[in-house]
Amino acid sequence: MIIRMNVASPWPEVAQKLARSDVPVAFTPEQEDCLKLLGELLPTLLSGRTGLRLDEEAIKQFCLRLAKCPASRKKERFNFIARGIEWGNRHLDWDIPLSPFFFSVNRDRNVLQPEVYQNRYRAERLTAAYIAHLEQRPDSSDEWLGQILLSAILFGGLLNLRWQAPLIQSLAKAEIYQEGSWLWLEMVRPAGKRSPPRHGRWVADPLTQLLIYRFLESGSGEIRAGAPWRLAKAFIERLPLRGDERPKSLSELLRWALSMEILRSGSGLLGYARGNLDGPPLPIGPWLRFLTGKSIPVEKQPPQREASTAVHAEPILPPERTSIARQIALFKQAYALLTPGEDGKEISIGNGQNRLKMFFAEHRREMGPALQLLIQWGQQMLSSRASVKERRTAPAIKTSSLARYWTEIGGTLVRSCGLESPLLMDPQDLEDLYETIAMKLGNEPYAIHRLAQFHGFLETFYKMPAMEWTEVVDEFGKVCSAVDANLISPAIYEALLASLGWGEAEPTRRQTLHLLATILSYRCGLRPVEIRALRMMDIQGVTKYEVLIRNNRFKTTKTSSGVRRLPLSLLLTEHEMAFLMGYREQRKGEAGLFGEELFLAHPTKKAGMLGDGELFGPIRENLRAITRDDSLRSYHLRHSFLTWGYVSFFLGGEHSPEDVAALDHPQFEHTKRQVILENLLQQPSTGRSYPFLLAMLAGHSSPRTTHHSYIHLMDWLCACERRQPDYSRSIPAKTLAALTHLSTPRVYALLQEGKKTGHVLLPILMTQAPRYAQRLRHPLMEKACAPRKVTWKEDSHTLPDWGEVVAGLRALPEDLQTAMEALTRPDWDLAAQLYDGVRRLDGRRLKSARKIIETALTNRSPRWKDSVYTTFSSAKEIVGMLLECGLSKSQLLVVHHPRRGQPENEQQEFAYRWAAALGLSENQIQNGEDANFKKTPQRGCITLKILTEPQLRSSRQRMPKGSPGYLLALRLLHHQFSSHLL
């Protein structure tokens, strides 16, 4: 089939093929079908005309026709159409919604099997017998525990076999807490051979909560925990049931209880209750903050070290006179120590340890931090004393295995770290580093396992925090360490925006960038590195806008699932959207000057992404200051987007649950939730589709990954579900009176009130809960306080910062404009550093700096193109100012111009004097042309050159030229001094 079209067609593949006359025009069958259908339904899109407008309904009908093909062919079709529409929106002023993106997800097994109906009948008989027996008080501590355990299983959703024993332990130890009307147990699952202890939380349902109150009032003395089935069986035997009506084991009991949940529980909540879906609970501090809205001070605790592990660690020393190339050479030498010799015989473990020890001692001062850690990790892996965090398969690995480990990750790790220490990195920076390494290694599970083992060594010996390995590579998340769980409530989010300058008439450039990074993290759940790598072209739309996350030269996604799009116009508030679009318009006029095509760019950086610390550092600091929680990270904004999204769907009715401060916010209004759900889901009432939607928005291939790392309120949601009308049980008033010590008339009145609200036990629970609120209050609540009010700490200087200078570029003299636009990236960075360094000097030093700069510009030699200094004092002043502004001594090069006719030995002597006076080494002063001034002193004069980092790394022998960025910074500062009358 041959298709002829206008060469100006918006479809990129079409335009490229038609532009070439030397080859026949050919398309894939799927592209031919797309073009044929466009010609039939939307012929105007093939014309290449500008200003086309189509509504969502037109695109929807086209997509329905386009989707009539096998699933394997949909992806090519829709991506072909999406690329063309995107091109038209950007270049032809179209306003056309993009077509959908498709990717496949694995379906869960259907749990609605025939045996469920048989078990449901048995479970209902057991439940009825249990309720009928509630009026009688247990006779022993075993019966007390058995009664509560059985209630937690039948009514409280405790269906996970692994948490039965921890629940009993918590009851026996009275680790029972309450805030408002919510009662919960803090549980700990013991460590296994290859797994650390696991923290869990179970939030009680109304009936079990009332039973726990009666248990607390029983005064039964010391309680000893027993095996869960023994306790449950002892209680079940007291019930009036036949033998075949009683479960034969704890597993059978859980299957019966599950049969009652299948038809009424949401699929995600049911999966969590069974243990098929993970949902890491919040640490106690953030959990109390969620319930009360109060700040609970949380100090960042180092991980506990294991008593069985040797924890002596060599300190990491700063390297001396080295380079990345030298690091690679040293790594290759260390690797050679582990490889067999000419005889092919493997190096023994002991010999390998000794070789590495001697090599480390000999070359330690040349090694960068990463290489020092890699060598020490190798020594530890050859040791027989292992840590659980190291995930070893043998007590001491062979030298050949260590060599294979180093082959896999060693060189990439050393190159990626450079001379920077992983121990000094912020957790997010380190996570980004591991993610970069993982991508370079092809995201191979074997390689990621090696990285996880290396980080386990850092955790054990250097107190480094645990990593979220699910984010490093999704497929490896199930095997690796626990999740760093935390949440930022809507109220805290608003306080964070206020602290960063939200609402100010004209926020500074840095404030604007921090605000946009916060908004995109919290409202869209973007990863920090995705925000840093976002380009102008990734914000799509004309009337409704989307953000596209996809591969580019700054960042590639870990998997194909990471390529996704999020509806900005739907997720952001009206004010947030206006703020983002206002910045976008401003950024359009700057892209050619600095920041390349990146969306979030600051004038201090000519090209490339902003660093994580630059963009997210103040966000982290303000979050921790507001909440007093030192464990909070900017990454938890992404956690919050996904957790609150999950909570919003399962809240159900128009009213949020009581006694939860975090939910008392307009973000959770019923109408607002419905608008989002109806736009994102065509059938928002179905429970299965929403977890898959969240997984797609997160960039995950499966809801399991999302739950494993990001959904932190599953325990509370399960309890919240059990307060819904579907879970209401008819319990005789006489039984409730005996259970609560309320009068029978009072119980009748409360039951009638409960029938109106939905769950008959809720009014009774609300009357009983206040009696125990103080008694069961968690000890940490004594430290609770209101969140701090933090304000933006903007440095108050008379001169505008570099960003303002660049923003007002057109107001500068024409020669300064031209000079700035001509700067290369290294010169731009140097100019920005020097300009802002001088601007931040205090009043007295600023006045001195003005005189120093005027001297430098006045004494500039037309011949030598540099400033000339004839006295030690004037040269020391300029050098001192440069060092105070953050430039390193290595960037300074002095050229000595001796007095004409002076003997060579005197020239050399005075050159050394100049170097000594300025505190520079002898190799930083070079001989230049003789001075021809009439008043040249005997010591001669010097010119000062400022070098950029690329010039320092250059191996060329010719005398380098000074950076034009240095001169521009001096000229800009002089201009600003004159303009501001300083």
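Helix 39 (residues 904-918) lies across strand 7, strand 8 (892-897), strand 9 and strand 10, and runs at about 150 degrees to strand 8. Angles are taken between N-to-C directions on a scale from 0 to 180 degrees, with axes fitted as lines to C-alpha atoms, for helices over the stretch in contact. The model is predicted: local features need pLDDT of at least 70 and side-chain atom pairs count only at pLDDT 80 or more, while totals for chains, interfaces and linings use all residues. Residues are numbered from 1 along each chain as its sequence is written, and side-chain values use heavy atoms, with hydrogens and water left out.

- Four strands form an open sheet of mixed pairing in the order 7-10-8-9; helices (H or I, at least four residues) and strands (E, at least two) are DSSP runs numbered from the N terminus.
- Strand 7 (868-869) and strand 9 (925-927) each have a single partner strand, so one side of each is left without a neighbour in the sheet.
- Strand 7 and strand 10 (residues 941-946) run antiparallel and are joined by two bridges; two strands pair if DSSP finds at least two bridges between them.
- The bridge partner of Y869 in strand 10 is I942.

**The chain as a whole**

- The protein chain has 41 helices and 10 strands.
- Of its 982 residues, 53% count as buried, where buried means under 20% relative accessible area, exposed over 50% and partly exposed in between (1.4 Å probe, protein chains only).
- Among contacts with a separation of 6 or more, 73% join residues 24 or more positions apart; a contact means heavy atoms within 4.5 Å.

- A second open sheet, of three strands, has the order 4-5-6 with antiparallel pairing.
- Its edge strands are strand 4 (539-541) and strand 6 (564-567), each of which pairs on one side only.
- Neighbouring strands of this sheet are turned by 30 degrees against each other on average, direction ignored.
- Four bridges link strand 5 (residues 545-549) to strand 6 in the antiparallel sense, and I549 stands opposite R564 in strand 6.

- Strand 1 pairs with strand 2 (residues 182-189) in the antiparallel sense over four bridges, and I176 stands opposite L185 in strand 2.
- The hairpin of these strands has two residues between them, and G180 takes a positive phi near 65 degrees there.

**Helix 28 and helix 29**

- Eight of the 10 residues of helix 28 are buried, including Y690, F692 and L697.
- The buried residues of helix 28 pack against strand 6, helix 26, helix 27 and helix 29 (703-710).
- Just after helix 28, G699 takes a positive phi of about 85 degrees.
- T706 lies in helix 29 and counts as buried because its relative accessibility is 2%.
- Not counting residues up to four places away in sequence, T706 touches L642, A695, A698, H700 and I711.

**Cavities**

- The structure holds five cavities of 30 Å³ or more. On a 1 Å grid over the protein atoms alone, a cavity is a set of points where a 1.4 Å probe fits but cannot get out, and lining residues have an atom within 4 Å of a point.
- The largest cavity has a volume of about 330 Å³, a volume being the space filled by probe spheres set on the points, with grid points joined across faces, edges and corners.
- Helix 21 (509-524), helix 26 (636-650), helix 27 (670-680) and helix 28 (689-698) are the elements that give two or more residues to the lining of the largest cavity.
- Of the 18 lining residues, L571, G645, S648, Q667 and I676 lie nearest the centre of the largest cavity.

**W287**

- W287 has its place in helix 12 (residues 284-292) and counts as buried, because its relative accessibility is 0%.
- Leaving aside neighbours within four places in sequence, W287 is in contact with W184, R201, V203, L282, L713, D715 and W716.
- W287 and L713 are 426 residues apart in sequence and 8.9 Å apart in space, C-alpha to C-alpha.

How values were computed: 1 Å grid on protein atoms, 1.4 Å probe; cavity = no way out; pocket = protein on both sides within 12 Å on 5 of 7 lines; lining within 4 Å.
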